[in-house]
Amino acid sequence: MAALARWCISRSAVVIVLWLGLFAGVAAAAAMAGSAYSNNYDIPGTGSSTASRLLEQRFPDRAGDTDTIVWHTADHAGNDRAGAVHAGSGRAGNDRAGTVRSADVERRMTAALRRVAELPGVVSVTGPYGTDDTSRISADQHTAYATVVFREPAADLGKDEVRRVLDTARSAAAPGLEIEMGGVGAGLTETAGPAHLSEAIGVAVAAVVLFLAFGSLAATLLPIATALIGVGTAYAAIGLLGHAMTVADFAPMLGMLIGLGVGIDYALFIVTRHRRGLRQGLPVAEAAQRAVTTSGRAVIFAGATVCLALLGMLVLRLSFLNGVAVAAALTVALTVAASITLLPALLGLIGMRALSRRERRRLAEHGPRPGTLPCLATRWASFVERHPKVLGAVAVVVMLTLALPTLSLRLGTSDQGNNPQTSTTRQAYDLLAEGFGPGFNGPLTLIGSIDGAEDRMAFTRLTTTLRTTEGVASVSAADLGGGGDTGVITVVPTTAPQSPDTSRLVERLRGEVLPKAEEGTSLRVYVGGLTAGYDDFAAVIVSKLPLFVGVVVALGCVLLLLAFRSIGIPVKAAVMNVAAVASSFGVVVAVFQWGWGSEPLGLGRAGPIEPFLPVIMVSVLFGLSMDYQVFLVSRMYEEWQHTRDNRLAVRVGLAETSRVINSAAVIMIAVFSAFVLSGDRTIAMFGIGLAAAVALDAFVLRTLLVPALMHLLGGANWWLPGWLERTLPRISIEAPDPGRSPLPVPGPRAPEADTAPTPVP
């Protein structure tokens, strides 16, 4: 580390140019290659995956992207959704009332649908007019819809082409006639605000916190510049990664969210150590070198822990999550690399300006002075020592209370019914649910694999059975046009796609109805559709979650065991990490599943939690929690090795690290919280969950519960069996700082008997 630091400091211009060149080169390559992200949740071997594959092979006309144009007329009493003009939509007032069968509405919509059919990228438009089929008109005749089939996936068409479809349809709007559009394509037209607004807000808040902590503009900009270069390079690299493996489209944003948080924090730890060296009178180069060789090693350990936790997702063997794991780990790795190479080069470049003007003037007038601890940090450390039982109990109550909503966690995937209320996709979703029933937005597709006339008869008879099945609103006629060996039946549930009752219907079909229909034949029927696919994905995730959590927890315990040579430290860390995860999930459930504040925050209607969220959040949170554990306990461990006084070690460690840990936590909370403004429900879940976890971890667990427990356990914190002590290899997280002298931390009383020095094996 010392040699690397010296090289980077002595050749600062070369290091800066190399990083800028790497960023520019990767960004240019990503721009030329384009993106290739995927949101394919299919898991081979599940019923919904088999149904989707058969549908695509035998009924390709049903497997493409389709959007739905929905129109609605006001009722005669005027007590209707169209009672007021809605900004940005095709909604108008209710000074005209009628039905969708009125001559004026039929004329307007027929002309509009004809123009839509002529637009580039549109294959066909099927509406309710000019046919005997009345299934596209609601029973009250106030809502109707038309299906638009695109030439290729809507994402490949681009926002502008889909926007023309929506605008053309809305050109028929009139007073009392509301026109909305739902589907994948329509979702592309809904912009969430200026690009990267959330990142800019998060970085701006981080800059304010850094300036308050440092008092120097130059020192403030260094962590931000380092993080931006590392994260920017990773963001472009993830685009290239999408061409080599399956990468979800939210992976770049998730990587940016994590990378900005940890990148700024890692740089903060190194810059803080560098500034301490400057205040002690060290030359700039030596202060930067010591900062990298001490705090830099801790940053590498912490970053490696985060990467390993993220890569733990690979044990699940799910292609959808493999790309997310590699993308996030790549982002963390590049931010760590920038922190230990680019940052020391920048520190050497700005020289003494890493200190504020007041600090430079004081250093010139009075010379180097030993560091002093903030009074508040000292008082808090002593306060925790005096009242460990009470404060520990308070912390436990807080964590348990916030974790309670986790007991009602329900996994599923949000759809356009969870979009903000002002969006056209949400309006179309609600209109269809009101006009045709809540299950209309998520029909189940039954695909039958048929072999012979007997199977065809059994499949046809299945429609009669389905019509009398509890939870079924309507059943289509059996379509046997899939080459003669495949049939399709569409089942509309009585409940919404995200309703637990719809999931129970899927279970009933698979467990009771379909086995009876298949009995005595070679017929095999598979259930597909939104709810079936989401339930299958969630079931696979839940079944593999214990293995994943076990691997991540075991890995963290082994690393801490090697680092601190103690049984108690890893066990407490594992318990604290589980507590942070459970409490943060409680916050996510309350906001997104229960809907506490989701609409005012622009996050849409309450709904289930994304199935992959627990896996990714467990990875990230275990890694981030290890960061704070390492920075806090490493200082306590250092003092314990010198004094063998547990109370003094805990008091000194908490007093010396609490300010930098709290500053780092505030920065992470600001960055994560800002991603609520991204307009993406999934990213907002991550943002709120991670912000809550960091807040609880830093301000409740690491500065309250952990030191309280360590005071209560006394010397047992550092116990390790003799045979294990002799067996374990020795590693050092943070090299000793030869320029550091212990800072005096007054204690409230002398050490008691339980903290007497313990013999070293």
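Exposed means over 50% relative accessible area, and buried means under 20%. The legends below describe a predicted model.

**View 1. Helix 1 and its buried side.** Helix 1 covers residues 2-10, and its buried residues are Ala5, Cys8 and Ile9. These residues lie on the same side of helix 1 because they cover an arc of only 95 degrees around the axis. An α-helix has 3.6 residues a turn, so residues three or four places apart point the same way. The cover over the buried residues of helix 1 includes helix 2 (12-33), helix 12 (284-311), helix 13 (319-340) and helix 14 (342-350).

View 2. Buried in helix 2 are Ser12, Val15, Ile16, Trp19, Val26 and Ala30. Their arc around the axis is only 110 degrees, so they fall on the same side of helix 2. On the face turned away from that buried side are the exposed residues Ala13, Val17, Leu18, Ala31 and Met32. Helix 1, helix 10 (217-241), helix 13 and helix 14 are among the elements that cover the buried residues of helix 2.

**View 3. Two loop residues with positive phi.** Most residues other than glycine have a negative phi. Glutamine 141 has a positive phi, near 60 degrees, and sits in the loop between strand 2 (122-126) and strand 3 (143-150). With a relative accessible area of 31%, glutamine 141 is partly exposed. Arginine 317 is not a glycine either, yet its phi is positive at about 55 degrees. The loop between helix 12 and helix 13 holds arginine 317. The relative accessible area of arginine 317 is 71%, so this residue is exposed.

**View 4. The sheet of strands 6-7-5-8.** This open sheet of 4 strands has the order 6-7-5-8 and antiparallel pairing. Strand 6 (472-475) and strand 8 (524-529) are at the edges with a single partner strand each, so one side of each has no neighbour in the sheet. From one strand to the next, the twist averages 30 degrees.

**View 5. Strand 8, its partner and the packed helices.** Strand 5 (residues 444-449) pairs with strand 8 in the antiparallel sense over 6 bridges. Opposite serine 449 stands arginine 524 of strand 8. Helix 3 (residues 47-58) lies across strand 5, strand 7 (486-493) and strand 8, at about 95 degrees to strand 8. Helix 20 (residues 500-518) also packs on the sheet, touching strand 5, strand 6, strand 7 and strand 8. The direction of helix 20 makes about 165 degrees with that of strand 8.

Notes. Residues are numbered from 1 along each chain as its sequence is written. This is a predicted model: local features need pLDDT of at least 70, side-chain atom pairs count only at pLDDT 80 or more; totals for chains, interfaces and linings use all residues. Side-chain values use heavy atoms; hydrogens and water are left out. Buried means under 20% relative accessible area, exposed over 50%, partly exposed in between (1.4 Å probe, protein chains only). The arc is that of the directions from the helix axis to the C-beta atoms. Contact means heavy atoms within 4.5 Å. Two strands pair if DSSP finds at least two bridges between them. Axes are lines fitted to C-alpha atoms, for helices over the stretch in contact, and angles run from 0 to 180 degrees between N-to-C directions.
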